[in-house]
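Trainee: Could you take me through one part of this model closely? I would like to hear about the salt bridges, and then about a helix.

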Amino acid sequence: MDNLASLRDEVLSAAAAAATAAELDEVRVAALGKKGRLTGLMKELGGLDPETRKARGQALNAVKDEVAAALDARKTELEDAALNARLAQEVADVTLPVRPEVSGMIHPISQTMDEVIAIFAQMGFTVAEGPEIEDDFHNFTALNIPPEHPARQMHDTFYLPEQADGSRFVLRTHTSPVQIRTMQNQTPPIRIVAPGRTYRCDSDMTHTPMFHQIEGLVIDKATHFGHLKGCLVEFVQTFFEVSEVPVRFRPSFFPFTEPSAEVDIGCSRKGGELTIGAGDGWLEILGCGMVHPNVLAACGLDPDEYQGFAFGMGIERIAMLKYGIPDLRTFFDADLRWLKHYGFVPLDLPTVTGGLSR
Ligand code: PHE
């Protein structure tokens with residue numbers, strides 16, 4: 001019995017002294033493994049007479065259980081200690097300020113879209129979206145641009161390969177098809193803006209094959225040109241963040257609006273430098289008009305009951321004007337130095353009350 005008692009003490013103190021999981025495992029194997037000392041003593045039981053074997057067996061089992069429990073407890077202790085050491089070492093100070101140089105920057109296109117959306121959201125508009133691969137009906141026909149209409153040529157359309165029925169999908173040439181999808185799927189009153197990518201087969205100093213627009217659409221029973229004007233003047237004043245921006249509505253033509261207008265904002269070009277605001281120059285920034293009755297009808301709305309206005313503008317263009325970015329093509333160069341210069345800090349979300357671009 002004495003050898004069992006001393007074996008027990010020996011194993012327990014070895015377990016307590018083990019400083020690592022590996023050391024502890026050695027202690028376990030030496031005691032309880034296949035060739036372990038306790039296992040050896042168990043094997044000897046077979047050679048004993050029944051009476052002795054019973055007493056010896058019980059004693060051995062008790063020691064075995066005690067040793068196994070002690071090994072388990074020590075294992076948990078060691079694991080806890082290792083975890084605590086790691087937590088102490090890998091401490092992260094969440095109170096440190098954001099470091100812009102490692103957090104990435106918001107691209108001016110995203111920033112400008114967010115600003116425009118914030119302004120219209122404040123006026124009660126919601127955001128709508130549509131597919132970039134469009135069918136002919138949504139991109140043209142429903143917008144009062146029938147086949148053979150000259151406006152189709154003006155759009156420099158990217159066509160996808162012909163379908164079995166002879167029709168061809170297009171890369172949308174403007175965000176106006178979202179007008180159609182919205183009128184088909186919502187009942188008035190409608191107040192949406194639709195930002196997104198648009199495509200035209202055109203590439204030079206001032207055109208890229210992919211660019212961005214934001215569309216606006218308001219449909220209700222008594223919406224008139226005065227609402228269109230007030231809404232866009234308010235937008236321009238807020239967006240450009242300068243004390244006064246003259247706004248001019250110039251008669252124009254779009255197949256899907258009647259009457260149609262282009263909106264110009266005042267600017268000065270004194271000393272070769274372009275400044276938005278009062279001055280003797282004008283810059284065109286968007287197209288707009290009252291939704292054409294044919295468009296309402298194509299969407300299943302009764303033109304005698306409903307009317308409204310729509311507008312569309314190029315995101316790159318207004319971003320260039322607001323942020324003094326001289327070259328359109330640099331938007332798509334993915335040049336980190338450019339992005340660092342013209343980009344925005346991610347956590348400064350644009351809001352009308354809190355500041356659009358700070
Ligand atoms: N879709 C027109 C364009 O791309 C812009 C526009 C939208 C004009 C809505 C009037 C109304 O040029």
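Mentor: A search of the whole structure finds 17 salt bridges, each being a side-chain nitrogen of Lys or Arg within 4 Å of a carboxyl oxygen of Asp or Glu. Please keep in mind that this is a predicted model, where local features need pLDDT of at least 70, side-chain atom pairs count only at pLDDT 80 or more, and totals for chains, interfaces and linings use all residues. Residues are numbered from 1 along each chain as its sequence is written, and side-chain values use heavy atoms, with hydrogens and water left out.

Let us begin with Arg-8 and Asp-9, whose side chains meet in a salt bridge at 2.5 Å, N to O. Arg-8 has a relative accessible area of 26% and is partly exposed; the cut-offs are under 20% for buried, over 50% for exposed and in between for partly exposed, with a 1.4 Å probe and protein chains only. Asp-9 is partly exposed too, at 42%.

Now look at Glu-10, which forms a salt bridge with Arg-37 at 2.7 Å, N to O. Glu-10 lies in helix 1 (residues 2–17) and Arg-37 in helix 3 (residues 37–44), so this pair ties together parts that are 27 residues apart in sequence. Helices here are DSSP runs (H or I, at least four residues), numbered from the N terminus. Glu-10 is partly exposed, with 41% relative accessibility, and Arg-37 is partly exposed at 46%.

Another salt bridge joins the side chains of Asp-335 and Arg-337, at 2.9 Å, N to O. Asp-335 is partly exposed at 25%, whereas Arg-337 is exposed, with a relative accessible area of 66%. There is also a network: Arg-248, Arg-250, Glu-262, Asp-264 and Glu-284 are joined by salt bridges that share partners.

And now the helix you asked for. Helix 2 (residues 21–32) has 12 residues and reaches 16 Å from its first C-alpha to its last, close to the expected 16 Å, a span given by 1.5 Å times one less than the number of residues. Its buried residues are Leu-24, Val-27 and Ala-31. These cover an arc of only 55° around the axis, which puts them on the same side of helix 2; the arc is that of the directions from the helix axis to the C-beta atoms. An α-helix has 3.6 residues a turn, so residues three or four places apart point the same way. On the face of helix 2 turned away from its buried side, you will find the exposed residues Ala-21, Ala-22 and Glu-26.

Key:
Helices (H or I, at least four residues) and strands (E, at least two) are DSSP runs, numbered from the N terminus.
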